[in-house]
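Biologist: Please show me the model, and then let me ask about it one point at a time.

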Amino acid sequence: MYPLLFRFLSRLPLPLLHGLGWLLGWLSFALSGRYRRTLFNHAAQAGFPRSVALASVAEAGKMVTELPRLWLGAPVHLEWEGRELIEQAIAEGNGVLFLTPHLGCFEVTAQLFAQHFGDRMPVTVLYRPARQPWLREIMEQARSRPGLLTAPTTLAGVKQLIKALKQRQGVGLLPDQVPPEGQGVWAPFFGRDAYTMTLSARLALTAGARVLLIWGKRLSWGRGYRVCLRPFRPEAGGQLSSDPQEAAHQINLAMESLVRECPAQYLWSYDRYKSPSGISHAARLEAERSS
């Protein structure tokens, strides 16, 4: 039943799907007190008013309902902002590490890159396989396209990413995704410590790749998407630190800068400040103090 529904939705126009997403977002907001608290608390932590948090409700719903069209449907309108940064990296012969937060539609960023540059520079994206077998099958089918490869969140997947960068290809991941215990450090994100992956900094430093910031902005009324690229300019001397905690902080600051461009499209409901399973933040701080 679910695969049939998914395929049916993939045939609908994007404006209609975004309208359904608007309804889904507000329904989730109305039915879940926990959702509302997380949404408001995270936006307030970052210094944004409730109006921004409320505007993000519909965007979170659109993120869900647009997937069938993006994965299985006809192409949608896509446009560039900062495309010349990719051209420069290719001309210099560098691999490219693309970093994007849970902002806008991150699904279209890899699609557009593969569509325009996949023949010259394939891109491999890190992803977490779906738990449901039917959805996992659809994801694998949808992301199997020319110039676009996927790597699972496993040790083998990490090795695949390193290999891609060393071969001067592209790699994409979301550095604001909370990693498992032992694969991150505590670093500030909008003024509050968040468990932050070290993988993004390790990839940049190990392979010597060019690092670019990227995000996909939803255009109004379902008109499509604009993929925005920004140079990565770390604070503290303009170089990415070799210290894992400082590097994580630098990358978090970069993610903050993207979120400030369009805070209404950030996924404020994502539990960014959760502790990885098996340990609490307080327990980790106590262990560090006693070591």
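This is a predicted model: local features need pLDDT of at least 70, side-chain atom pairs count only at pLDDT 80 or more; totals for chains, interfaces and linings use all residues.

Modeller: Residues are numbered from 1 along each chain as its sequence is written, and side-chain values use heavy atoms, with hydrogens and water left out.

Biologist: What is the mean pLDDT of the protein?

Modeller: pLDDT is the predictor's confidence in each residue, from 0 to 100. Over residues 287-291 the pLDDT is below 50. Of the protein's residues, 94% reach 70 or more, and the mean pLDDT is 90.

Biologist: How is helix α2 oriented to helix α3?

Modeller: Helices are DSSP runs of H or I with at least four residues, strands are runs of E with at least two, and both are numbered from the N terminus. Axes are lines fitted to C-alpha atoms, for helices over the stretch in contact, and angles run from 0 to 180 degrees between N-to-C directions. Helix α2 (residues 14-31) and helix α3 (residues 33-45) pack at about 105°, with axes 5 Å apart. Angles of 65 to 115 degrees count as roughly perpendicular (under 35 roughly parallel, over 145 roughly antiparallel, the rest oblique), so α2 is to α3 roughly perpendicular.

Biologist: Is Arg218 buried or exposed?

Modeller: Arg218 is found in strand β8 (residues 210-218). Buried means under 20% relative accessible area, exposed over 50%, and partly exposed in between (1.4 Å probe, protein chains only). Because its relative accessibility is 5%, Arg218 counts as buried.

Biologist: Which side chain makes a polar contact with the side chain of Arg218?

Modeller: A polar contact is a pair of N or O atoms within 3.5 Å; within protein, one must be able to donate a hydrogen and the other to accept it, and residues adjacent in sequence count only if both atoms are side-chain atoms. A polar atom of the Arg218 side chain lies 3.2 Å from the backbone oxygen of Gly104. The side-chain partner, at 3.0 Å, is Glu66.

Biologist: Which residue has its backbone nitrogen 2.6 Å from a polar atom of the side chain of Glu256?

Modeller: Glu256 is found in helix α11 (residues 244-261) and, at 7% relative accessibility, counts as buried. The backbone nitrogen in question belongs to Phe190.

Biologist: Is Trp221 buried or exposed?

Modeller: Trp221 lies in the loop between β8 and β9 (225-231), with a positive phi near 60°. Since its relative accessibility is 77%, Trp221 counts as exposed.

Key:
Contact means heavy atoms within 4.5 Å.
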